[in-house]
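Take a look at the structure first.

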Amino acid sequence: MLIFRRFIKHRVAMWCLYLIAAIYVLSMFASLIAPYKRDAISLDNAYTTPFSAAKDGSYHVFGTDHLGRDLLTRLIYAARVSLTTALTVTTVSTLIGIAVGLVAGYFGGFIDTFTSRMIEFISTFPTFTLLLIAGSIAIQNSDAIPIPSLLSKTIGVIMAINEREGKQVVMIMVIFIALGWTGVARFVRGMVLSIREQLYVESSLALGASHLHNIITHVLPNAMPPIIVAYTLGLSGSLVAESALSFLGFGIQDPTPSWGNMLSFANSYMFNYPWMPLIPTLPILVCSLAINYIGDGLRDALDPRVQTEITRAKRDALLKAIHDRSAAS
Amino acid sequence: MATFLIRRLIQMFIVLIASAVVSFVLLYFAPGGPMTGLRQIQQSGRNKISADDIARIKQRFELDLFVPYRFTRWLIGFPAGPISIAGQTFLADVQVGCKIPGMVRLRYPDGHTEIIEEGCEVPITFANLVDRRTSRGILFGDFGLSQVMLRDRPISTLIASRLPYTLQLMGASILISIAIGVPLGIYSAVRQYSRFDYTMTTISFVGSSLPTFVIGIICILVFAVGAKEAGFIYLPPGNAVSNKDYVIPYIGEVIASSTLDRALHFIMPLGVLVFVNIAGYSRFIRSGMLEVLRLDYVRTARAKGLRERTVVLKHALRNAILPFITLLAGVMAELFGGAAITEAIFNWPGLGRLLVDSIERNDYSVTMGLTMVSIFLLLLGYLITDILYSVLDPRIRLS
C-alpha cells in the first residue's frame with residue numbers, strides 16, 4: 001500500500017500509466033473511432049500528405065501509405081495488435097518465469113541444478129538470431145507450430161483480425177515466450193534463494209506450515225516488488241523486440257498492421273515522403289518511453305527498501321536489459 | 001585454477017555441441033533451401049530437370065545424405081570416406097544416403113496419377129564420399145558452401161568480405177562508448193542530483209528506452225534527408241562507400257570510395273551505436289558507483305584525509321567497475337556478430353546484415369555458421385570474464 005501511495009506521488013509515471021491505458025482502451029474501440037476501414041485500399045489516394053485531402057476529396061489526418069490506406073486507422077488497429085502482443089508475451093513469460101524460479105530456488109537440489117543448467121543453456125543462444133530464424137520459419141510455414149484454433153480465434157477477436165492472421169500472431173507470441181521466460185526465471189530464483197534463508201520463513205516452517213503456504217504467504221510477496229519492475233522493463237522490451245522483428249520483416253505480416261511493419265514500409269519510401277516514417281515512429285517512441293517511465297516510477301517507489309539482495313536483483317535486471325538491447329541493436 | 005579451467009572447458013565443449021545440435025535441427029526443419037525453386041520449375045513442366053541434375057545439386061549441398069551423417073560431416077567433417085586401418089578399408093559398403101530416390105507412380109481410382117518418392121534406387125555408400133568436397137567441419141573453422149547467397153562458394157569468403165566492416169563499426173563504437181560512457185557515469189554519480197546528473201540521466205534514459213531503429217531512422221531523416229533539403233552539410237544515408245562522386249555543401253566534392261567518403265558513411269551508424277551504448281554503460285556505472293559511494297570504507301578513506309580524486313578513482317571505482325566486467329562478456333560476440341538492426345537500417349555491409357539476409361533468403365548454411373560463431377564467442381567471453389573477475393577481485397576464488 002505504501003509503495004502504491006509512493007507510486008501515485010510520482011507524477012510523470014502516473015501520467016504515463018494513464019496515457020498507455022488510454023491508448024490501449026481507445027484501440028479496443030477501433031471500429032468506432034477509426035475514420036476508415038483497416039484495409040481499404042485505394043491506389044488513387046496513395047501517398048497523401050498528412051493533414052490534407054486526398055485526390056478523391058477524402059481527408060486523412062496522418063496521410064495514406066503506398067496503397068492509399070489511411071494511416072491513422074492503421075495506427076489505431078496496430079496499437080491493438082502491438083500492445084496486446086507485448087502484454088500477452090510479457091505476462092505469460094513472467095508467470096512461467098516466476099513458477100520455474102520459485103520452484104527451483106525454493107526446493108533447490110536436483111530440480112535447481114537441472115533448471116539452472118537449462119536456463120544457462122537457453123541463454124547462451126543469441127536470442128535475437130533465434131527470434132529471426134523462428135519468425136522466418138513461422139511466416140513461411142503456417143503449420144510450423146501447432147496452434148489450437150480456439151486460441152487463434154480468441155487472439156483474433158481481441159486484436160480485431162481474422163483467424164489466419166491470428167494464428168500467425170500467436171506463433172510469433174509463442175516464439176517470444178519460449179525464449180523470454182529464462183531471464184525472469186533466473187532473476188526470481190536468485191531472489192528466492194536469499195529469501196528462503198530468512199528467519200521468518202524458517203520459523204513459519206517450524207510452526208508446521210506447508211511449503212505451499214510458505215511460498216504463497218512469505219516468499220512470493222517478498223519477491224514481488226522487483227518482479228513488478230522487471231515486468232515493466234520486460235513490457236517495453238517485448239514491445240520494442242516485436243516492432244524490431246516486424247520491421248525486419250520476420251514478425252507480424254502486412255495486412256495485419258503493427259507499428260513495426262508499418263515502419264518497415266514507410267522506411268522504403270523515406271526519401272520521397274520523409275513524413276511517412278514519422279507516423280509509426282511516434283507511437284513506438286511514446287509507448288516505449290512511457291512504459292520505461294512507469295518502470296522508473298515503480299523503482300523509485302520501491303527504493304527505500306534498500307536491501308542487498310534487492311539491489312543486486314535490480315542490478316541484474318538492468319544488466320539483462322542492457323544485454324537484451326545490445327542483442328537487438 | 002587448473003581444475004576450474006579444465007572443468008569449464010569441458011562444460012563449454014558440451015554446450016557448444018548441444019547448441020550445434022539445436023541450431024542444426026532448427027534449420028533442418030526450416031522451409032525453403034536450394035531445392036525449392038527447382039521443384040517448382042520441375043512441376044511446371046517447361047524445363048525438364050533430369051533426376052541426375054537434381055542428384056548433382058543435392059550432392060553439392062550434401063542434401064542426399066542421411067541427417068546424422070550430414071550433421072557429423074558439417075560439424076567435424078566425418079565421415080570423409082571409408083575408414084582404412086593398416087591397409088584394410090572398413091565400412092565401404094555401408095549406406096549413408098540416397099543419390100536417386102525410387103519413383104513410384106500412384107494411380108488413384110479417379111484416374112489422376114501422382115509420383116511419390118519411395119525407397120532408394122542409387123544408394124550412396126562410404127566409398128562414394130571420397131570424391132566429394134572434403135570439409136574439416138565447422139568446429140575446425142570450415143563453414144562449408146553457401147547455398148543461395150553466393151551459390152557454391154565457400155561461406156568463409158562471404159564472411160571474410162563482411163568481417164572488416166563489422167570489426168570497424170563495432171570496434172570503434174565499443175571503444176568510444178566505453179571511453180565516454182564510463183567517465184560520464186562516474187561523474188554523474190559523484191555529482192548526484194546536480195544539473196549535470198539530471199541532464200545525463202534523462203538523456204541516457206531516453207537513449208536506453210528508444211529502439212535502435214527509431215533512433216536510426218530519425219537520424220537519417222534529420223542528417224541525410226533534412227540537411228540535404230536545407231542545403232546544409234549532409235551525411236550519406238546508407239552503405240559503406242558510394243559508387244559515384246557527390247557534392248556536399250561547405251565540404252565540396254567527395255570522390256567515391258576515398259577516405260573522406262568512407263568517413264562520411266561511417267559517422268551515422270557509429271553515432272547511433274555509440275549513443276545507445278553510452279546510455280547503457282553510463283547508467284550501469286552510475287548505479288554501481290552510487291551503491292559503492294555509500295559504503296563505510298569510502299567514508300573511512302575520506303576520513304583519512306585522502307583527496308576526493310583518489311577516493312573516487314582508486315577506492316570506489318575499483319569495486320564499482322567489477323559488475324561492468326560481466327557486461328563486457330558479450331562484447332566479443334558483439335564485436336564479431338555486428339549489430340543486425342543498425343546495419344540493416346544503414347545498409348552497412350557487415351555480418352549482422354549478412355545474418356538477416358541469410359535468414360531472409362533461406363541460406364541456412366550461412367545462418368548456422370554465423371550462429372555457431374556467435375555462440376562460441378559468447379562462451380569464450382563468459383570464460384574470460386570469470387577469469388578476469390577472479391584476477392580483479394581477490395575475494396572470489398575459482399573452484
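Helix H11(A) gives the most residues to the lining of the largest cavity, four. This is a predicted model, where local features need pLDDT of at least 70, side-chain atom pairs count only at pLDDT 80 or more, and totals for chains, interfaces and linings use all residues. Residues are numbered from 1 along each chain as its sequence is written, chains are lettered from A and ligands numbered from 1 in the order written, and side-chain values use heavy atoms, with hydrogens and water left out.

**The cavity**
- About 100 Å³ of space lies in the largest cavity.
- A cavity is a set of points on a 1 Å grid over the protein atoms alone where a 1.4 Å probe fits but cannot get out, and lining residues have an atom within 4 Å of a point.
- Its lining includes A:Asp65, A:Arg69, A:Met262 and A:Phe265.
- Two or more lining residues come from each of helix H4 (71-107) and helix H11 (259-268) of chain A; helices are DSSP runs (H or I, at least four residues), numbered from the N terminus.

**Helix H1 of chain B**
- The 27 residues of H1 (residues 2-28) should span 39 Å at 1.5 Å a residue, and the end C-alpha atoms are 39 Å apart, which agrees; the expected span is 1.5 Å times one less than the number of residues.
- Among its buried residues are B:Phe4, B:Met12 and B:Leu27; buried means under 20% relative accessible area (1.4 Å probe, protein chains only).

**A:Phe187**
- A:Phe187 lies in helix H8 (residues 163-196) of chain A and is buried, with a relative accessible area of 12%.
- The C-alpha atoms of A:Phe187 and A:Ile227 are separated by 8.4 Å, though the residues are 40 apart along the chain.

Notes: On a 1 Å grid over the protein atoms alone, a cavity is a set of points where a 1.4 Å probe fits but cannot get out, and a pocket is an open set with protein on both sides within 12 Å along at least five of seven lines; lining residues have an atom within 4 Å of a point. Grid points are joined across faces, edges and corners, and a volume is the space filled by probe spheres set on the points. Buried means under 20% relative accessible area, exposed over 50%, partly exposed in between (1.4 Å probe, protein chains only).
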